[in-house]
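I opened my notebook to record what I looked up in this structure, entry by entry.

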Amino acid sequence: MAHHSEEDDIEFEANFSSKEETEIRTRLINLQEKIKEANIAVILLLCGVNGSGKNAALGTLRDWLNQRYLDLHAYERQDIQKDPIEFRRYWCDTPVNGNTGIFVSSWYSDPLVSHAYGKINDDELYERLDECNTFEKNLVDSNAVICKIWFHKNKNEQQAFLHALDEDPYEKWRVMPDDWKNCCIAENFESTTKKIIRYTDKDYAPWVEIESGDLTERLRKALDTFCSRVEKQIELFLKNKEKKEEDDKEKKKNNKEKKAEFIKKLDMEASISKDEYKEMLPYLRARLNTLLMEVKKRNKKVILAFEGPDASGKGGVISRLASSIFVRDCNIFPIAAPTKEELNHNFLWRFWTRLTDQKLLTVFDRTWYGRVLVERIEHFATQQEWKRAYEEINHFEKQLTKGRNIVVKFLLYITKDEQMKRFKAREETEYKKWKIGSEDWRNREKWDLYDEAFDDMLEKTNTKYAPWFVIADNNKKYGRIQTMKLLCEYLEKELDYDPSEDIPPPDTEKNGEKVKKDKKKK
């Protein structure tokens, strides 16, 4: 039984008839079945002030939906502000395909409050909202359905509601510490809200505004809005799915292979001697350690991404890099085929979740570029999906760098003949046999396709904030030294810091030139 203030006739709970409640609940449960069958994620945003219907909608959906397929999320603003990569938490909390995620405090909350209190100006607000638009577009492109509802309440209505809560001993606990404070500048919040809705009302993620009515009427409209939008989008999704598959088949037939450009710039004969390697390795290890400690002092972190053909030496290079710092400061993630759970999220989700507890150095042995490499070549992603992924990846890396990360990417490349030598060596060495399998041999048949994919990857994702370095790795010692050297040089440039005074280079590196020798010389 809801309690009411004697002074104000305020509804604290919705009052549906038994018949209407049955109809709504049946529709919601049937909708969840459709969501599961379509295997899509649904995201519902409930925004608005206390008493506008937002919290009542949340409570009703929590009670009436099957909670096994429901995720609820709300965030404290102070926690959001502590994370240098704000959208990391939202990416990690996106629902798995088949589930519905409800957010009552979302990616709009902090921009709204910051602008309403004058902490950011219009340009900064729209910059933040650009991130919101991009985030939502990426989710929708991964077949998520987004439903956004904003519950309005003017200043007088807010005051009446807060007074009613304050005067009811059973309800006063619902008044949040900032409610009265925010109410005092309600005009600022209303102005900012209009700007947010106008700027982020997109075809792929439109806003529905609920501006009037008692609590029951507001809730009725919100529930109908949610069901109608999701039902319509599922219908469209199923219609388009078959058409996309047919279009992709046609496009694949018309595709012409092209010769990769990046290989022309590589000296695949580059090598160094065993003695030079022994001298350079400890020097570069110490140099890299000094640079990483400087990164740590500046409250930054480093993320390294490694790609390359099978047996290209990624593991050996990563091992030498990781030996430059203590184990407690380094995370290495060897990325295999995605799990069933990972396949039911946006392709970037499994990388966001690995970055929730970052150490000083994070290394990915194979990466998010699988979307435009193996998924492209094996047709695990449609042509539309992998072509769109270049932009999604660039935005992902941009978010990482804005969140105080230094991102560096390496493509280690070997020739097809060198790969054959390494494959045979693995088969003949007992402790290396686990490294070779039927998939490795099968992938050799698609060598030219991978070269083409590497070429596109380098062309479309080599950015100033997350550059690619391509290493000729036919000679493993050369590849390891060159990778460490290029990483050190990049960190020095990014930090504007030169450790050479403390770590003098050995004699083998004269005048800063690369150490190269003809492979035939010993």
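I began with Asp496, which is exposed, with a relative accessible area of 71%. For this I used the scale on which buried means under 20% relative accessible area, exposed over 50% and partly exposed in between, with a 1.4 Å probe and protein chains only. Asp496 is found in the segment after α20 (476-495), and it has a positive phi of about 55 degrees although it is not a glycine. Helices here are DSSP runs of H or I with at least four residues, strands are runs of E with at least two, and both are numbered from the N terminus.

I then turned to His379, whose phi is near 65 degrees, again a positive value in a residue other than glycine. His379 sits in the loop between α15 (374-377) and α16 (383-402), and it is partly exposed, with a relative accessible area of 47%.

**What kind of model this is**

I noted that this is a predicted model, in which local features need pLDDT of at least 70 and side-chain atom pairs count only at pLDDT 80 or more, while totals for chains, interfaces and linings use all residues. Residues are numbered from 1 along each chain as its sequence is written, and side-chain values use heavy atoms, with hydrogens and water left out.

**The whole chain**

I looked up the overall figures next: the chain has 20 helices and 10 strands, and 53% of its 522 residues count as buried. Its C-alpha atoms fill a box of roughly 95 × 55 × 40 Å, taken along the principal axes. Of the contacts in the chain with a separation of 6 or more, 82% are between residues 24 or more positions apart, where contact means heavy atoms within 4.5 Å.

**Helix pairs**

Two packed helices are described by the angle between their axes and the distance between the axes. The axes are lines fitted to C-alpha atoms, for helices over the stretch in contact, and the angles run from 0 to 180 degrees between N-to-C directions.

I took helix α11 (residues 274-297) and α20 as my opening pair, and found that they pack at an angle of about 30 degrees with their axes 9 Å apart. They are therefore roughly parallel to each other, since angles under 35 degrees count as roughly parallel, over 145 as roughly antiparallel, 65 to 115 as roughly perpendicular and the rest as oblique. The residues of the contact of α11 with α20 divide into 14 nonpolar, no polar and nine charged. In this grouping Ala, Val, Leu, Ile, Met, Phe, Trp, Tyr, Cys and Pro count as nonpolar, Asp, Glu, Lys and Arg as charged, and the others, Gly among them, as polar.

My next pair was helix α6 (residues 122-141) and helix α9 (residues 186-200), whose axes come within 10 Å and cross at roughly 45 degrees. That makes α6 oblique to α9. In this contact, Asp122, Leu125, Tyr126, Leu129, Asp130 and Asn133 of α6 meet Thr192, Lys195, Ile196, Arg198, Tyr199 and Thr200 of α9. By class, the contact of α6 with α9 has five nonpolar, three polar and four charged residues.

I also checked α16 against helix α19 (residues 447-461), and their axes come within 10 Å and cross at roughly 50 degrees. α16 and α19 are therefore oblique to each other. Tyr390, Asn394 and Glu397 of α16 make the contact with Asp456, Met457, Lys460 and Thr461 of α19.

Which residues does Thr200 touch, leaving aside its neighbours within four places in sequence? I found Tyr108, Leu129, Asn133, Lys148, Ala205 and Trp207. Thr200 lies in helix α9 and is buried, with a relative accessible area of 0%.

Ile436 has its place in the loop between α17 (416-428) and α18 (438-444), and at 15% relative accessibility it counts as buried. Not counting residues up to four places away in sequence, Ile436 touches Phe423, Arg426, Glu427 and Trp441. The C-alpha atoms of Ile436 and Thr356, which are 80 residues apart along the chain, are separated by 32 Å.
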